[in-house]
Amino acid sequence: MLGVLVSLSFVHLVTQAAPPNASPVTCKRCCDDLQSAADGTATPASGAYGRLPEVRTYINMTILKGDKGDRGERGTPGKIGHEGPPGSMGPMGPEGSKGQAGLPGHPCKVDYAAFSVGRRKSLHSLEAYQPLIFDTVFVNLDNHFNMFSGKFVCHTAGIYFFNVNIHTWNFKETYLHIMRNEAEQAIVYAQPSDRSIMQSQSLMLDLGLNDEVWIRLYKRERENAIYSDDVDIYITFNGYLIKASSE
């Protein structure tokens with residue numbers, strides 16, 4: 001194809017020959033001018049058509065250009081660039097509408113629990129354990145202390161304080177436990193002696209709902225007793241709520 005283009009261009013240039021009325025062109029060698037200049041006999045040019053036309057090759061690239069190819073596959077993504085600086089804070093938006101009112105709350109409630117009871121009768125140990133039953137009430141809020149069973153029943157879960165006071169019997173051992181349900185929590189103990197004394201024990205317990213706290217006299221493995229009479233009260237059991245779990 002390149003040869004065809006060169007030939008066409010040459011033919012086009014050759015056809016641009018001198019007009020019919022122009023003077024004939026005398027052929028000469030390309031070195032005649034140099035020779036004439038050397039001899040001092042230079043012949044002036046006879047006209048514009050005294051020289052052969054210059055042939056220049058021209059290639060039309062639009063003819064050689066093919067059709068557009070199919071689109072290639074997508075390349076792998078590049079690396080993630082650096083995080084830009086944080087933008088400036090935007091303007092504050094308009095104030096929202098007022099929400100609906102919530103449900104009414106419960107009224108403020110304070111929980112109380114307290115008892116204080118006493119016993120006017122002495123008690124001796126038997127072959128089995130015995131609960132210490134009381135016959136005198138000093139304080140019993142909402143009757144949470146059961147006078148028939150000798151047990152305090154927890155109606156408000158929380159931290160409670162308990163205290164028990166007893167009077168020993170001469171020459172007899174004193175052996176009791178503060179019980180939580182069926183578990184021993186603390187002991188009240190005095191060795192046999194020729195002199196009777198007052199003994200006391202206190203503790204705090206974290207009670208759950210329906211837990212029971214009571215005093216248990218130990219069974220008869222040794223002579224075991226506590227003393228009281230109808231005139232004075234020597235035996236007392238007290239308890240009260242310090243802090244409810246719901247607070």
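**Aromatic rings and the nonpolar core**

Beyond its neighbours within four places in sequence, Phe-237 is in contact (heavy atoms within 4.5 Å) with Phe-115, Ser-116, Val-117, Phe-134, Phe-145, Phe-162, Asn-163, Val-164, Val-213, Trp-214 and Ile-215. A quick word on the source: this is a predicted model, where local features need pLDDT of at least 70, side-chain atom pairs count only at pLDDT 80 or more, and totals for chains, interfaces and linings use all residues. Residues are numbered from 1 along each chain as its sequence is written, and side-chain values use heavy atoms, with hydrogens and water left out.

Phe-237 turns up again in the largest nonpolar core, a set of 28 residues. Such a core joins buried Ala, Val, Leu, Ile, Met, Phe, Trp, Tyr and Cys residues through side-chain atoms within 4.5 Å; buried means under 20% relative accessible area, exposed over 50%, and partly exposed in between (1.4 Å probe, protein chains only). Among the members touching the most others are Phe-152, Phe-162 and Phe-237.

The structure also holds 17 aromatic pairs, meaning Phe, Tyr or Trp rings (the six-membered one for Trp) with centres within 6.5 Å; planes under 30 degrees apart are stacked, over 60 edge-to-face, and the rest tilted. Phe-115 and Phe-152 are stacked because their ring centres lie 5.1 Å apart and their planes meet at 20°. This pair links distant parts of the chain, 37 residues apart. Phe-115 is buried at 3% relative accessible area, and Phe-152 is buried too, at 1%. Ring pairs tie Phe-115, Phe-134, Phe-145, Phe-152, Tyr-160, Phe-162 and Phe-237 into a cluster.

Terms used: Helices (H or I, at least four residues) and strands (E, at least two) are DSSP runs, numbered from the N terminus.
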